[in-house]
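Please keep the sequence and the structure in view while reading.

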Amino acid sequence: MNDVFSYESSDLDWCEANYRHSEVHSEIYTSMSSLFFFVISPIMLYLLHPYARERNLAVHLVWIMMIFLGLFSAYFHMTLSFMGQMLDEQSILLVLGLCYALWFSRRVFPCFINDRLATITPAQGFCSQNIIWSTLCSFVKPTANAYVLNCLALYITYSLGLEMRILTCVYSPSRHILIVIAVAYASTLIAYLDANYEIPYSLPGLQYWPSDNCVLGLPYIVLKGTIKTQKRC
């Protein structure tokens with residue numbers, strides 16, 4: 001069991017030369033780049049709170065998990081251990097699973113399903129089952145993770161393609177730094193499309209922090225219409 005925690009017990013190795021800049025940390029610069037997860041995730045938690053409060057507070061779980069993803073990624077690149085690899089990859093899988101459960105587009109639901117409420121449990125159950133099976137399989141065959149993650153991305157690409165054909169969004173184009181920024185852009189775009197379907201009365205719009213004129217500003221949703229938040233027990 002101790003072998004899975006030992007340094008360089010993972011089959012993966014990355015471009016940065018090991019232990020060149022530190023006798024303790026394997027890939028110190030790659031590990032340090034994970035700090036951006038700890039910077040951007042709290043900002044996105046704050047910016048998306050109005051949307052999450054109106055739509056579903058579980059939206060915050062995505063960015064809370066992104067903080068853990070940064071932690072696990074830093075641990076993995078510091079040690080290149082098998083356990084670090086599993087924690088890193090499984091946290092990515094969990095973030096994708098949360099996104100599916102929250103923003104499963106009804107445009108791709110089977111045609112015989114008409115009630116959105118009737119599909120919440122199946123959608124979440126489907127995501128949960130896939131996460132569990134993928135997790136178990138990846139510990140037996142770690143290379144399976146790459147295929148699972150790629151397959152999950154296919155639905156996101158397909159779904160966004162459908163939505164972008166009918167909606168016109170003002171959305172500016174903009175290795176760990178790029179990932180967290182990409183997640184910020186992609187998740188906010190998906191959330192924006194979801195808000196147009198589920199809470200259209202709020203008149204959702206997109207803005208960028210700290211400024212709309214900032215090329216790499218962080219996108220967030222603003223609700224310009226009447227808020228109908230109900231008390232949740």
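## Met 66 and the nonpolar core

In this predicted model, Met 66 is in contact with Phe 37, Ser 41, Val 95, Val 180 and Val 183, once its neighbours within four places in sequence are left aside. Met 66 also belongs to the largest nonpolar core, which has 39 residues, and is listed there among those with the most contacts inside the core, together with Met 44, Tyr 51, Val 62, Trp 63, Trp 103 and Ile 221.

The elements that give two or more residues to this core are helices 2, 3, 4, 5 and 8, along with strands 1 and 2. Helix 8 gives the most, with 11 residues.

## The pair of strands

Strand 1 (residues 204–209) and strand 2 run antiparallel and are joined by six bridges, and Trp 209 stands opposite Leu 218 in strand 2.

In a regular strand the side chains alternate between the two faces of the sheet. Leu 218, Tyr 220 and Val 222 point one way from strand 2, whereas Pro 219, Ile 221 and Leu 223 point the other way, and all are buried. Because six of the six residues of strand 2 (residues 218–223) are buried, this strand is largely enclosed by the rest of the structure.

## A nonpolar patch on the surface

On the surface, Tyr 29, Met 32, Leu 35, Phe 38, Leu 61, Ile 64, Phe 68 and Leu 71 form a nonpolar patch, with about 750 Å² of accessible area together. Helix 1, helix 2 and helix 4 each give two or more residues to the patch, and helix 4 gives the most, with four residues.

Leu 35, one of the patch residues, has its place in helix 2 and counts as partly exposed because its relative accessibility is 49%.

Note on methods
Residues numbered from 1 in each chain as written. Predicted model: local features only at pLDDT ≥ 70, side-chain atom pairs only at ≥ 80, totals over all residues. Heavy atoms only, no water. Buried < 20%, exposed > 50% of the residue type's maximum accessible area, 1.4 Å probe, protein only. Pairing = 2+ DSSP bridges. Patch = residues over 30% accessible without salt bridge, like charges linked within 9 Å, V, L, I, M, F, W, Y side chains within 5 Å. Areas by Shrake-Rupley, 256 points an atom, 1.4 Å probe, with all protein chains shown as cover. Salt bridge = Lys/Arg side-chain N within 4 Å of Asp/Glu carboxyl O. Core = buried A, V, L, I, M, F, W, Y, C linked by side-chain atoms within 4.5 Å. Contact = heavy atoms within 4.5 Å.
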